[in-house]
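Keep the structure open while reading.

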Amino acid sequence: MMEGGDRGRVPRRIGTNPNNEKLVTILSIDGGGVRGIIPATILAFLESRLQELDGEQARIADYFDLIAGTSTGGLITALLTTPNQNHRPLCAAKDIKAFYFKECPKIFSEEARPTKHAIGGLRFPWVDEAKWKSTGIWKKIIGTTYVSIKLFMAWLFTAVFQPKYDGKYLHNMIKETLGQTRLGDTLTAVLIPSFDIKFLNPIFFSTSQGRRDVSKNVLLSDAVISSSAAPYYLPPYCFEAFSRKYNLVDGGVAANNPTLLAIREATKMNGEQDPSSSIDYRGYLVLSLGTGAAKRDGYEVQEGNWGLFDWFTSKGTAPLLDIFFTAMDDMVQIYLSFIFQGHHCRSNYLRIQDETLKTDEASTDDSSLKCLMKLEKFANDLLDKPVLITNSETGLLEPMPGGRINKHALIEFAQRLSIERRRRNRAAVY
């Protein structure tokens with residue numbers, strides 16, 4: 001990895017010149033709320049292998065030219081690339097899983113639900129609540145009915161007019177953790193997508209933009225919060241920077257799987273290029289991490305059903321969002337699989353994802369200890385599962401011929417990253 005001010009900047013023409021030996025190294029992390037524990041676990045394993053090769057001080061940010069992350073993936077990206085006082089990553093990969101266990105129960109807590117605050121303030125003007133302080137049995141029954149109605153009305157009000165969580169703890173936690181770090185300060189280049197609901201266009205926060213244009217060098221915390229503002233779950237995030245006002249929601253609206261955007265960003269980091277020239281994907285080494293999906297345990301539909309209530313509450317999740325994000329992820333995966341196979345460099349692209357989660361396990365916001373532990377186990381089991389590739393006919397993931405498992409693929413990937421880093425260090429000496 002480059003040193004000092006060149007860290008994370010890809011030299012001109014890399015990835016487009018087959019005679020250039022250097023590889024552009026890219027890490028991409030999907031969105032998925034609490035399921036961020038899955039890529040966090042995978043990254044901890046990868047970093048441990050890098051440390052075996054290059055020493056205990058090795059960190060993920062030392063090996064990738066660009067790290068892209070959407071929503072929860074954007075948070076992981078920031079934790080991996082924010083510099084501490086010693087100009088080293090704020091978090092080692094192994095620390096991120098513990099971070100999720102600590103913070104998720106507070107982010108997605110009952111205290112963070114607007115419903116909790118609405119119940120106390122909800123009043124029916126035709127009801128004298130003082131009358132139900134009596135101990136009479138009928139008054140108790142009527143009082144219980146009243147409380148039930150009150151709870152339902154409060155839930156209905158907040159479900160229609162407010163997000164599921166107020167986001168206050170999440171916002172404060174991210175701002176406190178990342179401090180005054182700006183996009184241009186990250187240890188290697190980052191890309192964090194969001195979506196502007198005022199102008200209805202995607203916004204891509206990137207280190208290269210922050211370093212090139214001071215007006216786009218926003219606080220990293222603002223970029224991460226914006227990318228995490230999942231519709232229905234959390235409120236849109238508004239902030240102003242350098243006389244521009246942003247009105248943003250979750251980056252998953254634009255790119256829940258940001259791998260394709262990451263490759264585009266890496267080509268832009270090369271400098272000006274001939275628009276008519278094609279990219280030589282043999283010059284890229286890409287690791288794409290999913291957060292799990294429940295494609296084998298989806299939703300059954302009866303004819304005539306599925307109104308607004310079903311689209312947002314079936315099986316305790318929000319099916320509309322699950323379907324929307326999964327469909328986009330699949331399209332990106334199908335395209336990239338086609339591209340890398342077509343360029344005869346399949347081994348340069350590794351996607352680690354699994355579609356066998358149960359629907360209740362695929363929840364974005366179930367922060368119970370039981371669920372978090374299930375996700376951790378799922379991720380550890382995923383290491384021993386076969387590497388999957390996309391079937392272009394069905395769009396489903398299938399085991400790669402040869403029976404290689406994810407753990408072995410990551411070990412090989414770590415070796416290639418280590419070799420590339422050593423090559424760069426030798427080149428820097430000369």
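**Cores, cavities and rings**

The largest nonpolar core has 81 residues, and Leu-27, Leu-43, Leu-46, Ile-60, Phe-64 and Leu-287 touch the most other members. Helix α1 (residues 37–54) gives this core its largest share, eight residues. A second, separate core counts 21 residues, including Val-24, Ala-68, Ala-262 and Cys-345. The model is predicted.

**Around Ile-60**

- Ile-60 is among the core residues that touch the most other members.
- Leaving aside neighbours within four places in sequence, Ile-60 is in contact with Leu-27, Leu-43, Leu-46, Glu-47, Leu-50, Ile-67, Leu-80 and Ala-93.
- Among those contacts, Leu-27, Leu-43 and Leu-46 are also listed with the residues that touch the most other core members.

**Enclosed space**

- The structure holds two cavities of 30 Å³ or more.
- The largest cavity has a volume of about 190 Å³.
- Its lining has 18 residues, and Arg-346, Tyr-349, Leu-350, Arg-351 and Met-400 lie nearest the centre of the cavity.
- At least two lining residues come from each of α12 (319–342), β8 (349–352), β9 (388–390) and α14 (406–429).
- Helix α14 supplies the largest share of this lining, four residues.
- By class, the cavity lining splits into eight nonpolar, five polar and five charged residues.

**Open space**

- The largest pocket contains about 790 Å³ of space.
- Its lining has 49 residues, with Gly-31, Gly-32, Arg-35, Asp-322 and Thr-364 nearest the centre of the pocket.
- Helices α2 (72–81), α3 (93–107), α6 (168–178) and α12 each supply at least two residues of the pocket lining.
- The largest share of the pocket lining, nine residues, comes from α12.
- Helix α12 supplies at least two residues to the lining of the largest cavity and at least two to that of the largest pocket.
- The pocket lining has 21 nonpolar, 17 polar and eleven charged residues.

**Aromatic rings**

- The whole structure has eleven aromatic pairs.
- The ring planes of Phe-340 and Tyr-349 stand at 15° with centres 5.1 Å apart, so this pair is stacked.
- Phe-340 and Tyr-349 are both buried.
- Tyr-349 also lines the largest cavity, as one of the residues nearest its centre.
- Phe-205, Tyr-237, Phe-239 and Tyr-246 form a cluster linked by ring pairs.

Key:
Residues are numbered from 1 along each chain as its sequence is written. This is a predicted model: local features need pLDDT of at least 70, side-chain atom pairs count only at pLDDT 80 or more; totals for chains, interfaces and linings use all residues. Side-chain values use heavy atoms; hydrogens and water are left out. A nonpolar core is a set of buried Ala, Val, Leu, Ile, Met, Phe, Trp, Tyr and Cys residues joined through side-chain atoms within 4.5 Å. Buried means under 20% relative accessible area, exposed over 50%, partly exposed in between (1.4 Å probe, protein chains only). Contact means heavy atoms within 4.5 Å. On a 1 Å grid over the protein atoms alone, a cavity is a set of points where a 1.4 Å probe fits but cannot get out, and a pocket is an open set with protein on both sides within 12 Å along at least five of seven lines; lining residues have an atom within 4 Å of a point. Grid points are joined across faces, edges and corners, and a volume is the space filled by probe spheres set on the points. Ala, Val, Leu, Ile, Met, Phe, Trp, Tyr, Cys and Pro count as nonpolar, Asp, Glu, Lys and Arg as charged, and the others, Gly among them, as polar. Rings of Phe, Tyr and Trp (its six-membered ring) pair if their centres lie within 6.5 Å; planes under 30 degrees apart count as stacked, over 60 as edge-to-face and the rest as tilted.
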